[in-house]
Amino acid sequence: MYELINKVKEVNPLVLHYTNEVTINDCANITLAIGASPLMSYSDEEVEEIVSIASAVVINIGTMNSSRLDLFIKAGKAANKYNKPVVLDPVGVFATKTRTDFTNNLLNEIKFDVVKGNIAEIKSIGGLDVRGQGVDSFDDGEDISEVIKKVAKKLDTIVVATGKVDFISDGYRVIKINNGTTKLKSITGTGCMTGSLIGSYLGTFDTLMKLGQVLKDKKVEAVAMGVLTMGLSGELVDVNNIAIGSFKEKLMNNVYELNVDKLKEFGRVE
């Protein structure tokens with residue numbers, strides 16, 4: 001599982017983002033830091049062509065620009081048409097009825113390989129009561145292993161729920177990641193950047209699977225690597241009550257410098 005970090009740099013997957021304006025620069029830079037290539041687009045005209053050459057597609061509804069809702073659906077359908085792995089980040093899905101309805105529309109129209117959100121967002125998609133405000137989750141550290149398995153089976157996809165403990169499930173297995181720091185909630189965009197990292201590993205995995213170098217049932221581990229990369233990188237930075245500006249800079253550096261040895265030594269994965 002950990003060796004996939006080297007493969008990202010070898011494969012250099014092209015990760016196409018349809019994402020929000022707030023974090024678009026951070027998402028591009030974190031994709032570069034892990035060894036993948038970012039590509040951002042808001043163009044209806046180039047959807048077919050650009051999706052066809054991408055390694056993975058990330059759709060993030062963050063700022064809910066109404067003029068782009070149809071574009072997101074068009075891009076997701078193109079990803080399905082060209083058999084490209086596609087990730088959904090339903091930011092703040094529980095915040096408004098508009099976000100809930102649009103997320104449901106996306107899930108009905110597109111077959112996603114991964115649905116990634118914080119614990120409140122995933123609970124909301126699963127039809128459960130949530131504790132959150134805006135795009136933030138009030139996570140009390142509960143074990144949601146059974147919840148995430150049910151949501152993954154319901155959606156027939158891999159589901160990621162980030163929090164004090166991160167949970168990843170394909171409906172059968174559950175991977176728990178115990179790395180992280182509360183500082184990750186103190187800067188904008190770490191959730192969005194996690195989606196970019198997942199897209200980077202997923203694009204690499206898809207390429208290797210087509211070459212017959214990995215097994216299909218290892219896909220959930222590739223997704224978990226994206227989550228672990230963010231959590232562990234943040235944890236390694238958070239020493240001596242570091243200020244959030246410095247934290248963000250060093251977070252990017254740590255993603256860039258992360259390697260197999262660090263993952264094996266410091267990763268706490270169940």
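Reader: Where is Gly-127 placed?
Author: In this predicted model, Gly-127 is in the loop between helix 6 (119-125) and strand 6 (132-133).

Reader: Buried or exposed, that Gly-127?
Author: Gly-127 counts as exposed, with 63% relative accessibility.

Reader: How far is Gly-127 from Ile-53, in sequence and in space?
Author: The two are 74 residues apart in sequence. C-alpha to C-alpha, Gly-127 and Ile-53 are 36 Å apart in space.

Reader: Switching to rings. How many aromatic pairs does the structure hold?
Author: One aromatic pair. Phe-72 and Phe-102 form that pair, and its geometry is tilted, with 6.4 Å centre to centre and 40° between the planes.

Reader: Why tilted, at 40°?
Author: Because planes under 30 degrees apart count as stacked and those over 60 as edge-to-face, and the rest are tilted.

Reader: What does the pair tie together?
Author: Phe-72 lies in helix 4 (residues 69-81) and Phe-102 in helix 5 (residues 97-109), so the pair ties together parts that are 30 residues apart in sequence.

Reader: And Phe-72 and Phe-102, buried or exposed?
Author: Phe-72 counts as buried at 5% relative accessibility. Phe-102 is buried too, with a relative accessible area of 6%.

Reader: What sits over the ring of Tyr-42?
Author: The charged end of Arg-68, 3.5 Å from the ring centre.

Reader: Cavities next. How many of 30 Å³ or more?
Author: One. The largest cavity has a volume of about 50 Å³.

Reader: Which residues line the largest cavity?
Author: Among them are Thr-19, Glu-21, Asn-60, Met-64, Arg-68 and Phe-72. The lining divides into three nonpolar, six polar and two charged residues.

How values were computed: Residues numbered from 1 in each chain as written. Predicted model: local features only at pLDDT ≥ 70, side-chain atom pairs only at ≥ 80, totals over all residues. Heavy atoms only, no water. Phe/Tyr/Trp six-rings, centres within 6.5 Å; stacked < 30°, edge-to-face > 60°. Helix = DSSP H or I, 4+ residues; strand = E, 2+ residues; numbered from the N terminus. Buried < 20%, exposed > 50% of the residue type's maximum accessible area, 1.4 Å probe, protein only. Lys NZ or Arg CZ within 6 Å of the ring centre and 35° of its normal. 1 Å grid on protein atoms, 1.4 Å probe; cavity = no way out; pocket = protein on both sides within 12 Å on 5 of 7 lines; lining within 4 Å. Points joined across faces, edges and corners; volume = space filled by probe spheres on them. Nonpolar A, V, L, I, M, F, W, Y, C, P; charged D, E, K, R; others polar.
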